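Below is a set of questions and answers on one protein model. Please read them with the sequence and the structure in view.

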Amino acid sequence: MNDCLILDMNWQPVGFCDWTRAVKLVWEERAHVIKEDAEKILHSPSFTWKMPRVIVVRNAWVKHKRQSVPFSRRNVAVRDNSECQYCGKMLHTHQYTLDHVIPRSQGGSSSWANLVLACIRCNKDKAGMTPKQAGMSLLRQPVEPKANDPKYNFKLHIKTIRPEWQPWESWLYWNIELDK
Ligand SMILES: [Zn+2]
C-alpha cells in the first residue's frame, strides 16, 4: 500500500510507503510529517494521529538496487535525450508528447520499443499512422534502457495521485510507472 509520499531533504519525491512505515519513521524521528489526511485518523491505546500523506526524511535517502528501468514518461524522455525522435528538435517538458510508433489503433503496444518522445507538431502530422505510412523516419530505434544506468528515475508504484500530493502532481505525472 502506498499511503504516503516520501520526500528527501530537498523536498524531491523519492518514493512511497504505507502508513505504518511512515508512522514508524516519524516516531523514530527519522522523518517529519508535512501533510496529513484530513479524514483518516489512526487510533492506538495511547494516542491518535492523522494519517501521514507526505513526509520529509531527515537523512539522505538510499535508493534500492533495481532490476529494470521503470517505464515512465520521464524515462522515455530521458532515453530520447529530450529530442523529438522525428525532427530532432530539443524539447522542453511542456512540449513533450509521447508517440506510439505503431499506433494503438493498429495494434501498437505501450512499451519501450514502441513509445518515443515527439514534438506536438510531429505527433499531430503522424496522427494514426505508422512512420512509413506518414513518410516519417525515426532518429533511432527505441529500445529498453539498461537497468544500471543511473540517469533514469526510480519506480513509483501508484495508480492514483492523492489530493495531498497535488504540489508534486506534475512531477508524479511524469515519473509514475505506466501500464504496459
Ligand atoms: Zn518533431
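Q: How much of the protein chain counts as buried?
A: Buried means under 20% relative accessible area, exposed over 50%, and partly exposed in between, with a 1.4 Å probe and protein chains only. The model is a predicted one, in which local features need pLDDT of at least 70, side-chain atom pairs count only at pLDDT 80 or more, and totals for chains, interfaces and linings use all residues. Residues are numbered from 1 along each chain as its sequence is written, and side-chain values use heavy atoms, with hydrogens and water left out. Of the 180 residues of the protein chain, the buried share is 44%.

Q: In what order do the elements of the protein chain run from the N terminus on?
A: Helices (H or I, at least four residues) and strands (E, at least two) are DSSP runs, numbered from the N terminus. The protein chain has 5 helices and 6 strands. From the N terminus on, their order is β-β-α-β-β-α-β-β-α-α-α.

Q: What share of the contacts in the protein chain with a separation of 6 or more comes from residues 24 or more positions apart?
A: A contact means heavy atoms within 4.5 Å. Among contacts with a separation of 6 or more, residues 24 or more positions apart account for 62%.

Q: How far apart are the mean positions of the positive and negative charges of the protein chain?
A: Lys and Arg count as positive and Asp and Glu as negative, while His and the chain ends are not counted. Each charge is placed at NZ of Lys, CZ of Arg, CG of Asp or CD of Glu. For the 27 positive and 18 negative charges, the mean positions are apart by 6 Å.

Q: Which protein donors does the zinc ion have?
A: Donors are N, O and S atoms within 2.8 Å of the metal (3.2 Å for Na, K and Ca); water is not among the atoms, so sites may look incomplete. Along the chain the donors follow the spacing C-x2-C-x31-C-x2-C. Lying 2.3 Å from the zinc ion, they are Cys84 (SG), Cys87 (SG), Cys119 (SG) and Cys122 (SG).

Q: What is the geometry of the site of the zinc ion?
A: Four donors count as tetrahedral if all angles lie between 85 and 135 degrees; four count as square planar and six as octahedral if opposite donors are over 155 degrees apart and all others between 65 and 115; anything else is irregular. The ideal angle for four tetrahedral donors is 109.5 degrees. Here the angles among the 4 donor atoms are 101 to 115°, so the site is tetrahedral.

Q: Are Cys119 and Cys122 buried or exposed?
A: Cys119 has 6% relative accessibility. Cys122 has 9% relative accessibility. Because these values are under 20%, Cys119 and Cys122 count as buried.

Q: Is Gln85 buried or exposed?
A: Gln85 is found in the loop between helix 2 (73–79) and strand 5 (97–100). Beyond four places in sequence, Gln85 touches Asp80, Val116, Leu117, Ala118, Ser137, Leu138, Leu139 and Arg140. With a relative accessibility of 0%, Gln85 counts as buried.

Q: What value does phi of Asn81 have?
A: Asn81 is found in the loop between helix 2 and strand 5. Its relative accessible area is 38%, so Asn81 is partly exposed. Although Asn81 is not a glycine, its phi is positive, at about 55°.

Q: How far apart in space are Ala60 and Glu29?
A: Ala60 lies in the loop between strand 4 (48–57) and helix 2, and Glu29 in the loop between helix 1 (19–27) and strand 3 (31–43). Ala60 is exposed, with a relative accessible area of 62%, and Glu29 is exposed, with a relative accessible area of 62%. They are 31 residues apart in sequence, and their C-alpha distance is 14 Å.

Q: Is Leu5 buried or exposed?
A: Leu5 is placed in strand 1. Leaving aside neighbours within four places in sequence, its contacts include Phe16, Ile55, Trp165, Trp168 and Leu172. At a relative accessible area of 0%, Leu5 is buried.
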